[in-house]
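Trainee: I would like to be guided through this structure by questions and answers. May we begin once it is shown?

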Amino acid sequence: MAKGLAGEIWASLRLRTGFYTQGAATVQRTNRQMNQSMASTATATGQVVTNLKLLNNAFAGIALGSIAVKIAQTSDAYTMLESRIRATTDSMAAFNFVTNAVFDMANKTGLAVDNTAFMFQRLSASSKDIGATNGQILQMVDTVQKLGIVGGSTTAELQGATVQLAQAMGSGIIRAQEYNSIMDGLRPVLDAVASHWEGGAISLGKLRQLMLDGELATIAFGEALLRSGQDADVAFGKIADTSTRAITRLNNAWTRFIGLNATVKESMEGLIFLFNHMADASDPVRSKKFADDQREVGLLTFKYRQLADAKEALK
């Protein structure tokens, strides 16, 4: 009986030992799987970090590229602005005076400085024919811009009406086409001119009748516009400033900073030189001429070296 009991105990121990062994093996497999999962997770995490770094570098490159493009565009805009003003001034003193005035006016009105320069250029080309000075033309531009803002005109309407006004000022007599265009885009200007007409205020209907009769002279029109400047200042001073005009002032300051920066100018000259040569090399016809020029330079350099060697040998 004791032998049978010992056998049962031994069988029970083997069974339990087997369970423990199987359990330990299961734990070991689970542990290995966990370690493999952790290793895979670490690898994946490392790859994610690497990808994020690459993505960050890519975004940084894009941002730097965007900044470079913005600087180039701003530099070009300032160069164009200078060209507009130089085309209408006859001395460096006049150029500096007009440039400073254009920036000051643009910052007061909150309009883009290139639009102000455009208006000055267009009015200057015609108004000087009636004897207007740079100062008077600048005053007319300032008055037109302020009246346009007070009247709710858009930038496009201001520019379009300015073109028509410039054409009218250069023709000696304001005709129906110019008058109607100004009426559509800048009616406050016509109201101001009528209110300050020579000899006293007249109605807008009377002003229109003068136009229809061919008696709306540009000299009288320009003088009335100049006289309305003070009223335009008062009306403009009553309207609230806007975030859009404030941002435009910031852009104007940025344009001037970039335009006057010597380092930026040198960089832009280098880029222009590089892009032109890239264009030459890319164009099938021009690239052949470029290659011929390079071979000619190389040949001249070789001949010069030969001559230098020959002179050195004679010593």
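Trainee: Is Asp241 buried, partly exposed or exposed?
Mentor: This is a predicted model, in which local features need pLDDT of at least 70 and side-chain atom pairs count only at pLDDT 80 or more, while totals for chains, interfaces and linings use all residues. Residues are numbered from 1 along each chain as its sequence is written, and side-chain values use heavy atoms, with hydrogens and water left out. Buried means under 20% relative accessible area, exposed over 50%, and partly exposed in between (1.4 Å probe, protein chains only). Because its relative accessible area is 47%, Asp241 is partly exposed.

Trainee: With which side chain does Asp241 meet in a salt bridge at 3.0 Å, N to O?
Mentor: A salt bridge is a side-chain nitrogen of Lys or Arg within 4 Å of a carboxyl oxygen of Asp or Glu. Asp241 forms one with Arg245 at 3.3 Å, N to O. The salt bridge at 3.0 Å joins Asp241 to Arg249.

Trainee: Why is Arg245 classed as buried?
Mentor: Arg249 has a relative accessible area of 21%, so Arg249 is partly exposed. Arg245 is buried because its relative accessible area is 11%.

Trainee: How many residues apart are Lys146 and Asp233?
Mentor: The side chains of Lys146 and Asp233 meet in a salt bridge of 2.7 Å, N to O. This pair links distant parts of the chain, with Lys146 in helix H4 (residues 134-150) and Asp233 in helix H10 (residues 229-237). Helices are DSSP runs of H or I with at least four residues, numbered from the N terminus. The separation is 87 residues.

Trainee: Which backbone oxygen does the side chain of His196 reach?
Mentor: His196 lies in the loop between helix H7 (187-195) and helix H8 (204-212). It is buried, with a relative accessible area of 18%. At 3.0 Å, its side chain reaches the backbone oxygen of Ala192.

Trainee: Which residues is His196 in contact with, leaving aside its neighbours within four places in sequence?
Mentor: Contact means heavy atoms within 4.5 Å. With those neighbours left aside, the residues in contact with His196 are Ala224, Arg227, Ser228 and Asp231.

Conventions:
Helix = DSSP H or I, 4+ residues; strand = E, 2+ residues; numbered from the N terminus. Polar contact = N/O pair within 3.5 Å; in protein donor to acceptor, adjacent residues only side chain to side chain.
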